[in-house]
Amino acid sequence: QVRGLCGTYNWDQQDEFTTPAGDVELGIVAFANKFRVPGTCPAPDPVPLNSCDAFAGHRELVEAACAILLGATFQ
């Protein structure tokens with residue numbers, strides 16, 4: 001059973017933003033803030049950047065970093 005920033009991995013998109021406390025956030029920023037350690041980094045802006053536009057040159061890096069989600073660990 002998977003929980004956390006990777007979602008619940010149960011094919012139900014309605015519970016993908018389940019927080020450590022068990023509640024479900026509706027927005028990505030509010031969800032991500034539930035995993036922040038206070039004082040370690042600044043809070044994100046209320047409207048997140050479009051990551052595809054902001055990091056257009058990093059496709060290969062992102063695909064390599066996310067490859068583990070498609071590997072045996074999550075089968």
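The following exercises, each with a worked solution, examine a predicted model of one protein chain.

Residues are numbered from 1 along each chain as its sequence is written. In this predicted model, local features need pLDDT of at least 70, side-chain atom pairs count only at pLDDT 80 or more, totals for chains, interfaces and linings use all residues, and side-chain values use heavy atoms, with hydrogens and water left out.

**Exercise 1. Confidence and secondary structure**

Task: State which element of the protein chain has the lowest mean pLDDT and which the highest.

Solution: 
1. The predictor's confidence in each residue is given by pLDDT, from 0 to 100. The protein chain averages 75, and 73% of the residues score at least 70.
2. Helices (H or I, at least four residues) and strands (E, at least two) are DSSP runs, numbered from the N terminus. The chain has 3 helices and 0 strands, in the pattern α-α-α along the sequence.
3. The lowest mean pLDDT, 63, belongs to helix 2 (residues 51-54), and the highest, 81, to helix 1 (residues 28-33).
4. Where pLDDT is low, the predicted coordinates should not be read in detail.

**Exercise 2. Burial and contacts**

Task: Determine what percentage of the residues of the protein chain count as buried.

Solution: 
1. Buried means under 20% relative accessible area, exposed over 50%, and partly exposed in between (1.4 Å probe, protein chains only). Of the 75 residues of the protein chain, 13% are buried.
2. A contact means heavy atoms within 4.5 Å. Among contacts between residues at least 6 apart in sequence, 16% join residues at least 24 apart.

**Exercise 3. The aromatic rings**

Task: Describe how Phe17, Phe31 and Phe35 are linked.

Solution: 
1. Rings of Phe, Tyr and Trp (its six-membered ring) pair if their centres lie within 6.5 Å; planes under 30 degrees apart count as stacked, over 60 as edge-to-face and the rest as tilted. The count comes to 2 aromatic pairs.
2. Phe17 and Phe31 form a stacked pair, with 4.9 Å from centre to centre and 25° between the planes. Phe17 lies in the segment before helix 1 and Phe31 in helix 1, so this pair ties together parts that are 14 residues apart in sequence.
3. The ring centres of Phe31 and Phe35 are 5.2 Å apart and the planes stand at 70°, so this pair is edge-to-face.
4. Phe31 is buried at 4% relative accessibility, whereas Phe17 is partly exposed at 27% and Phe35 is partly exposed at 31%.

**Exercise 4. The charged side chains**

Task: Identify which residues are linked in a network of salt bridges.

Solution: 
1. A salt bridge is a side-chain nitrogen of Lys or Arg within 4 Å of a carboxyl oxygen of Asp or Glu. The structure holds 2 salt bridges.
2. One joins the side chains of Asp23 and Lys34 (3.9 Å, N to O). This pair links distant parts of the chain, 11 residues apart: Asp23 is in the segment before helix 1, and Lys34 is in the loop between helix 1 and helix 2.
3. Lys34 also meets Glu25 in a salt bridge (3.4 Å, N to O). Glu25 is found in the segment before helix 1.
4. Glu25 is buried at 19% relative accessibility, while Asp23 is partly exposed at 32% and Lys34 is partly exposed at 42%.
5. Not counting residues up to four places away in sequence, Glu25 touches Phe17, Thr19, Ala30, Phe31 and Lys34.
6. The network of salt bridges links Asp23, Glu25 and Lys34.
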